[in-house]
Amino acid sequence: MSEVSQNHYLVDVHNVIKNFQGPAGTIHVLKSVNLKVHGGEFVGVRGPSGSGKSTLINMITGIDRPTSGAVRVAGEHIEKMSENQLARFRGKHIGVIFQFFQLLPTLTVLENVILPMDFCRVWKPKERPERAMMLLDQVGLADQAHKLPNTLSGGQQQRAAIARALANDPPLLMADEPTGNLDSKTADKVFTLFEDLIKQGKTFIMVTHDVELAKRIPRVIEVYDGILYEGGEVLQ
Ligand code: ADP
Ligand code: MG
């Protein structure tokens with residue numbers, strides 16, 4: 001417990017190395033990277049394709065594990081958790097938003113938003129539909145709640161995915177190129193929603209290729225060849 005109270009960062013990536021084994025040998029994707037993020041920060045991640053952005057995001061969501069080093073989220077060492085512990089932890093603490101939305105096609109939009117609540121059981125069963133509607137209303141989709149995802153536009157599907165990411169009221173939101181599949185006008189709308197979430201006290205880490213959107217992010221980290229930079233300096 002003392003370890004939890006001593007770490008005041010919401011996200012603390014410490015000396016993380018990530019290697020993959022390729023046909024031609026070991027690929028060094030993250031070369032001992034460090035990243036500390038306070039609660040309430042809006043952090044953009046930029047860098048060329050193949051530089052390690054998605055791998056970094058996957059370290060923080062626990063979708064993948066570091067080869068060595070530590071990843072703490074809300075003071076907890078997620079690299080030490082079992083798959084089960086991780087799934088529960090992620091459900092409550094991290095909302096993940098993907099480039100291709102990844103809504104379940106056979107469930108309605110409303111059911112997609114309720115699903116993480118059923119998994120984490122923070123809210124009582126009878127409270128869940130009402131909360132899901134409230135979240136859909138927040139992203140401007142209350143009138144689409146009973147439709148199947150593939151009948152919605154890309155921008156609407158991404159907003160549904162944002163409502164789903166908010167289901168259990170996690171402090172941390174993570175997104176890997178969330179506007180990468182949207183036209184610029186729709187991307188702008190979705191981005192404005194992210195800005196609103198920051199105003200509500202959420203913490204957000206987002207990979208983006210979009211130069212114009214990146215200008216609106218207060219803190220931008222750059223990844224080049226597996227090394228993290230901020231303002232031209234290597235992050236220690
Ligand atoms: P970015 O998101 O910046 O485009 P990634 O983090 O997806 O880059 O990938 C960084 C590098 O790691 C790439 O060279 C990619 O081919 C390699 N890589 C990513 N995932 C794997 C994997 N599961 N197995 C082998 N190599 C991988
Ligand atoms: Mg990527």
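The largest share of the shell around ligand 1, three residues, is contributed by helix α2. The model shown in every view is predicted.

**View 1. Residues and elements surrounding ligand 1.** The shell around ligand 1 comprises F20, I27, V29, P48, S49, G50, S51, G52, K53, S54 and T55. Two elements, β2 (25–37) and α2 (53–61), each provide at least two residues of this shell.

View 2. The backbone of G50 places an N or O atom 2.7 Å from an oxygen atom of ligand 1. For S51, a backbone N or O atom lies 3.2 Å from an oxygen atom of the ligand. At K53 the side chain takes part, with an N or O atom 2.8 Å from an oxygen atom of ligand 1. Of the 560 Å² that ligand 1 exposes when taken alone, the protein buries 59%.

**View 3. Packing of helices α6 and α7.** Helix α6 spans residues 154–165 and helix α7 spans residues 184–199; their axes come within 10 Å and cross at roughly 15°. Because angles under 35 degrees count as roughly parallel, α6 is roughly parallel to α7. The crossing of α6 and α7 is right-handed.

Note on methods:
Residues numbered from 1 in each chain as written. Chains lettered and ligands numbered in written order. Predicted model: local features only at pLDDT ≥ 70, side-chain atom pairs only at ≥ 80, totals over all residues. Heavy atoms only, no water. Near = heavy atom within 4 Å. Polar contact = N/O pair within 3.5 Å; in protein donor to acceptor, adjacent residues only side chain to side chain. Areas by Shrake-Rupley, 256 points an atom, 1.4 Å probe, with all protein chains shown as cover. Helix = DSSP H or I, 4+ residues; strand = E, 2+ residues; numbered from the N terminus. Axes fitted to C-alpha atoms, helices over the stretch in contact; angles between N-to-C directions. Parallel < 35°, antiparallel > 145°, perpendicular 65-115°, else oblique. Left-handed = near helix turned anticlockwise from the far one by under 90°.
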